[in-house]
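I opened my notebook and went through the two chains one after the other. Here is what I looked up, in the order I did it.

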Amino acid sequence: MAVKVRIPSPLMKLTNNQSEVTAEGATIADLFNNLESQFAGIKDRICEENGTPRRFINIYLNEEDIRFLEGENTAVKEGDEVSIIPAIAGGLV
Amino acid sequence: MTDFTDEQIERYSRHIILPEVGGVGQMKLLDSKVLIIGAGGLGSPTAYYLAAAGVGTLGIVDFDVVDLSNLQRQIIHSTERIGMLKTESAKKTIQSLNPDVNVVTYNDKISSQNIMDLFEGYDYVLDGTDNFPTRYLINDACVLTGKTNIHGSIFRFEGQVTIFDAKEGPCYRCLYPEPPPPGLVPNCQEGGVLGVLAGIIGNMQAVETLKHILGIGDSMVGKLLIYDALKTEFRKLKLKKDKNCPICGPNPTIKELIDYEQFCGFSS
């Protein structure tokens with residue numbers, strides 16, 4: 001099924017500057033693999049080699065952090081929205 | 001509690017007539033002590049508006065001087081102040097806006113050595129810094145001292161705002177247990193930022209600080225607000241306390257402050 005994925009500014013270079021893309025899959029892990037097939041290199045920016053999200057990037061299914069659901073095995077359904085939220089540091093410079 | 005002067009009643013009249021603030025609330029603001037770390041893009045609007053609102057004591061920490069390239073967003077400074085210490089420039093602006101405010105300047109680079117002393121006497125810490133080592137240091141010191149951390153960050157056209165208060169909710173490490181390795185996440189200098197975005201996010205930090213001091217409205221503890229300027233969109237996500245958090249969880253592994261520069265190769 002198709003799910004909307006929000007791409008944060010630091011990763012938009014990989015998605016042809018799109019801040020919203022559509023990915024197919026039944027779980028978050030499926031979505032990552034599908035994203036990689038559309039935008040080569042993106043999975044490596046989001047995930048560790050074992051497929052879990054990097055520790056400075058959080059993945060939200062709708063309003064909930066997937067770490068408090070079932071991680072990358074969390075199921076997604078039509079109409080869900082997935083957000084990729086990296087730590088950003090800026091403010092002062 | 002002391003009484004207002006006639007001048008203060010006039011200055012704060014638009015606050016005092018708000019039932020949610022009133023004379024009691026305004027006095028709370030005048031009695032409050034807020035430490036602003038970084039007199040830059042975020043610190044400029046927060047310091048300016050908190051001063052206008054009559055926050056009685058504002059501590060401002062910055063080691064840098066005003067540069068021409070700052071003025072696209074750092075509105076507390078001005079062209080004639082280029083080369084001046086940012087703390088001094090901020091103090092001048094605040095004093096000419098509101099002489100009620102006691103401005104305490106700290107022309108220091110923040111580190112594990114001085115952060116506890118800097119925090120002494122303040123109720124709230126506003127994080128307006130630009131690098132991960134300092135953000136983690138501020139978070140850890142806030143957790144260890146029980147202070148409320150009003151967090152804002154910006155990148156290009158996007159900003160994030162939340163309140164970290166480990167006594168009642170998550171801390172920064174509950175979100176992101178450790179800083180990213182150098183090079184994987186850009187800072188503003190590398191990525192650029194729409195200047196006014198600093199104003200929006202900094203002012204949201206100021207609003208949330210005032211609400212917290214006054215005890216009104218919904219708290220941003222446990223919520224992350226994300227603003228996308230290009231889409232003109234605000235989103236609110238839920239933040240949860242992580243029981244495995246290395247500093248505020250039940251079995252903390254971090255018990256003292258860490259200067260990440262020393263082993264991450266970050267520059268701040």
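This is a predicted model: local features need pLDDT of at least 70, side-chain atom pairs count only at pLDDT 80 or more; totals for chains, interfaces and linings use all residues.

What share of the 93 residues in chain A is buried? I looked it up and got 38%.

**Entry 1: chain A**

I checked the secondary structure of chain A and found two helices and five strands. Going along the sequence, I read the pattern β-β-α-α-β-β-β. The radius of gyration of chain A came out at 13 Å, close to the 12 Å from the globule rule for 93 residues, so chain A is as compact as a globular protein of that length. Its C-alpha atoms fill a box of roughly 40 × 30 × 25 Å along the principal axes. I also looked at contacts with a separation of 6 or more, and in chain A 48% of these join residues 24 or more positions apart.

**Entry 2: chain B**

Next came chain B, with 11 helices and eight strands. Its radius of gyration is 18 Å, close to the 18 Å that the globule rule gives for 268 residues, so chain B is as compact as a globular protein of that length. The box around its C-alpha atoms is roughly 55 × 45 × 40 Å, again along the principal axes. Buried residues make up 47% of the 268. For contacts in chain B with a separation of 6 or more, residues 24 or more positions apart account for 70%.

**Entry 3: the sheet in chain B**

In what order do the eight strands of the open sheet in chain B stand? I wrote down S3-S2-S1-S4-S5-S6-S7-S8, with mixed pairing. Strand S3 (102–106) and S8 of chain B are at the edges with a single partner strand each, so one side of each has no neighbour in the sheet. From one strand to the next, the twist averages 15°.

Then I went through some of the pairs. S1(B) and S2(B) run parallel and are joined by five bridges. In this pair, Leu35(B) stands opposite Gly59(B) in S2(B). I found S2(B) mostly covered, with four of its five residues buried. Strand S4 (residues 124–127) of chain B is also parallel to S5(B), with four bridges between them. There, Tyr124(B) faces Thr148(B) in S5(B).

Helix H5 (residues 86–97) of chain B packs on this sheet. H5(B) touches strand S2 (57–61) and S3 of chain B, and its direction makes about 175° with that of S3(B). I saw H7(B) lying across strand S1 (33–37), S4, S5 and S6 of chain B, at about 165° to S4(B).

I followed up on Leu35(B). Leaving out residues up to four places away in sequence, Leu35(B) touches Gly59(B), Val61(B), Leu118(B), Phe119(B), Tyr122(B), Tyr124(B), Val125(B) and Leu126(B).

I also had a look at helix H3 (residues 22–31) of chain B, where Gly25(B), Gln26(B), Met27(B), Leu29(B) and Leu30(B) are buried. Helix H2 (13–16) and H10 of chain B are among what covers them.

**Entry 4: where the chains touch**

How many residues does each chain bring to the contact? I noted 35 from chain B and 22 from chain A. On the chain B side, H7, S5, S6, H9 and S8 each supply at least two residues. S5(B) gives the most, with four. By class, this side of chain B has 15 nonpolar, 12 polar and eight charged residues.

**Entry 5: two positive phi values**

Asn62(A) has a phi near 55°, which is positive although the residue is not glycine. I placed Asn62(A) in the loop between strand S3 (57–61) and strand S4 (64–65) of chain A. Arg156(B) is not a glycine either, and its phi is about 55°. Arg156(B) sits in the loop between S5 and S6 of chain B.

Is each of them buried or exposed? Asn62(A) has 12 C-beta neighbours inside 10 Å, so it counts as exposed. Arg156(B) has 21 inside 10 Å, so it counts as buried.

Technical notes:
Residues are numbered from 1 along each chain as its sequence is written. Chains are lettered from A and ligands numbered from 1 in the order in which they are written. Two residues are in contact if their C-beta atoms, placed from the backbone, lie within 7 Å. Ala, Val, Leu, Ile, Met, Phe, Trp, Tyr, Cys and Pro count as nonpolar, Asp, Glu, Lys and Arg as charged, and the others, Gly among them, as polar. Two strands pair if DSSP finds at least two bridges between them. Axes are lines fitted to C-alpha atoms, for helices over the stretch in contact, and angles run from 0 to 180 degrees between N-to-C directions. The radius of gyration is taken over C-alpha atoms; the globule rule is 2.2 Å times the number of residues to the power 0.38. A residue is buried if 20 or more other C-beta atoms lie within 10 Å of its own, exposed if 12 or fewer, and partly exposed in between; C-beta atoms are placed from the backbone.
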